Amino acid sequence: MKKLLLILSREYRLRLRRPSFWVLTLLVPLLLAALYALPVVVASGEKEQAEVLVVDETGLFENGLRPTPEVSFRRMPSLDYARRTMDTSDRVAAILFIPMREFTIPRDAFFYHRSSTPPLALQSLVDSQLQMLLRNAIIEGVYHLEPSVYHSVESTNIRLHPHDAVTGRESFARVKSVLAVVLAALMVLALIVFGVQVMRSVREEKNSRVVEVVIASVRPLQLLVGKVVAVSLAALTQLALWVVLTSLAVSLVRSSSPELFAYAEQQLEAPSVASKGTEATLQYAAPLSLPDEAMQGLAAVDLPTVAALFALFFLLGLLLYGALLAALASRLDPDADTLQWTLVAASPMLLVLVLAPWLLQQPAGTLAQCFTLIPFTAPAAAMLRLPFGIGTLQLALAVLLLLASFFLAALLAARTYRRHLL
């Protein structure tokens with residue numbers, strides 16, 4: 001036991017002393033904070049207003065198109081005149097041409113742009129205004145209704161609230177599904193990244209022949225277990241530092257420009273529908289916004305428990321895959337690609353990600369439970385099911401099976417370790 005602790009301590013301190021460990025530990029939170037802030041900064045920046053020339057032969061749309069901060073509209077008498085105007089003005093982004101047809105209701109509209117395709121947001125904005133104006137023309141001209149009354153009725157909605165029949169709590173299935181996929185993807189990615197470190201460590205010792213001296217005084221099983229456990233603890237240390245430093249970096253970014261992020265959050269919220277309908281219509285006119293639903297859904301999840309179980313399954317998964325990858329690295333030649341073999345070893349967990357859409361439909365189904373109890377798929381499958389809840393007995397059984405699989409894999413890998421490193 002003393003020799004095992006010495007190996008573990010040496011391997012752990014060796015990884016923490018490497019400059020690359022601390023460079024990545026500090027660099028990753030900064031990159032994540034930048035990725036968090038960059039879309040907000042881009043979305044809040046000043047946008048140049050584009051101009052769209054309108055040639056409407058039907059006369060239904062030209063007076064109804066409303067300018068926005070992103071686009072303005074200018075009426076043109078003919079398509080040829082609009083083309084000449086676009087050729088002489090760089091501000092003109094496109095020409096909207098609505099030809100006259102034999103039918104009462106126009107069926108087509110053409111959007112002529114320059115050689116470079118106009119932004120999709122501009123196309124969507126013009127398309128949405130055309131659809132609204134056409135709908136209003138039909139409502140008013142054919143059915144003789146006020147468009148505002150129709151839209152007030154159309155905007156009403158009823159929101160279905162799934163609740164657990166036993167606890168009475170709302171399910172928030174959509175939010176939990178997104179969280180489950182994120183947790184499973186992070187688990188697989190982390191195990192692959194740190195599994196590569198295990199393989200590279202073994203190959204370095206194999207190439208330098210240092211392991212021959214070490215293995216003369218300790219058993220192969222002690223050396224393998226000490227190395228895998230040390231890498232796993234170093235990985236947990238780095239993950240914990242990433243979480244803490246990323247939270248601090250994001251907090252600093254938000255505190256540096258609170259007005260900017262407040263504006264971005266307001267833009268993300270679903271706008272309430274302003275209507276002229278009855279009081280009953282106005283009561284249901286403002287649906288729950290997506291950010292509100294996300295926050296309520298996350299609040300319904302026991303995040304400390306999720307974080308603790310993520311760390312536990314990550315540690316056990318890395319121990320299991322680390323033992324197998326260490327044995328595999330001892331057999332590979334120096335020219336073998338470490339990442340490719342790591343992906344091959346992690347293919348059971350990648351299979352769980354591929355089947356995630358079906359597993360999320362029945363997170364407590366037979367297939368999901370089987371994947372949770374199979375050691376090679378348990379880390380990813382448990383993360384997919386964790387936001388929806390897993391029974392304590394099943395969690396304990398999955399943890400015990402992972403531990404037993406690690407010890408069995410370590411015993412089998414130690415033989416390969418000794419045979420191919422000596």
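Biologist: What share of the 422 residues counts as buried here?
Modeller: 41% of the residues of the protein chain count as buried. Keep in mind that this is a predicted model.

Biologist: How many helices and strands does the chain have?
Modeller: The protein chain has 18 helices and 4 strands.

Biologist: And the contacts, what part comes from residues 24 or more positions apart?
Modeller: They account for 72% of the contacts with a separation of 6 or more.

Biologist: OK, confidence. What is the mean pLDDT?
Modeller: The mean is 77 for the protein chain. 73% of the residues reach 70 or more.

Biologist: Where does pLDDT stay under 50?
Modeller: Over residues 268–288. For that stretch the model has 25 contacts beyond four places in sequence.

Biologist: New topic. How many cavities of 30 Å³ or more turn up?
Modeller: A search of the whole structure finds 1. About 40 Å³ of space lies in the largest cavity.

Biologist: Which residues line the largest cavity?
Modeller: Leu191, Gly195, Tyr321, Leu325, Thr342, Ala346 and Met349. Helix H6 (173–208) and helix H12 (303–331) are the elements that give two or more residues to this lining.

Biologist: How does that lining divide into nonpolar, polar and charged?
Modeller: There are 5 nonpolar residues, 2 polar and no charged.

Biologist: Now helix H16. Which of its residues are buried?
Modeller: In H16, residues 366–373, the buried ones are Ala368, Phe371 and Thr372.

Biologist: Where do those sit around the axis of H16?
Modeller: On the same side of H16, because they cover an arc of only 105 degrees around the axis.

Biologist: Why would residues a few places apart point the same way?
Modeller: An α-helix has 3.6 residues a turn, so residues three or four places apart point the same way.

Methods:
Residues numbered from 1 in each chain as written. Predicted model: local features only at pLDDT ≥ 70, side-chain atom pairs only at ≥ 80, totals over all residues. Heavy atoms only, no water. 1 Å grid on protein atoms, 1.4 Å probe; cavity = no way out; pocket = protein on both sides within 12 Å on 5 of 7 lines; lining within 4 Å. Points joined across faces, edges and corners; volume = space filled by probe spheres on them. Nonpolar A, V, L, I, M, F, W, Y, C, P; charged D, E, K, R; others polar. pLDDT = per-residue confidence, 0-100. Contact = heavy atoms within 4.5 Å. Buried < 20%, exposed > 50% of the residue type's maximum accessible area, 1.4 Å probe, protein only. Arc of directions from axis to C-beta.
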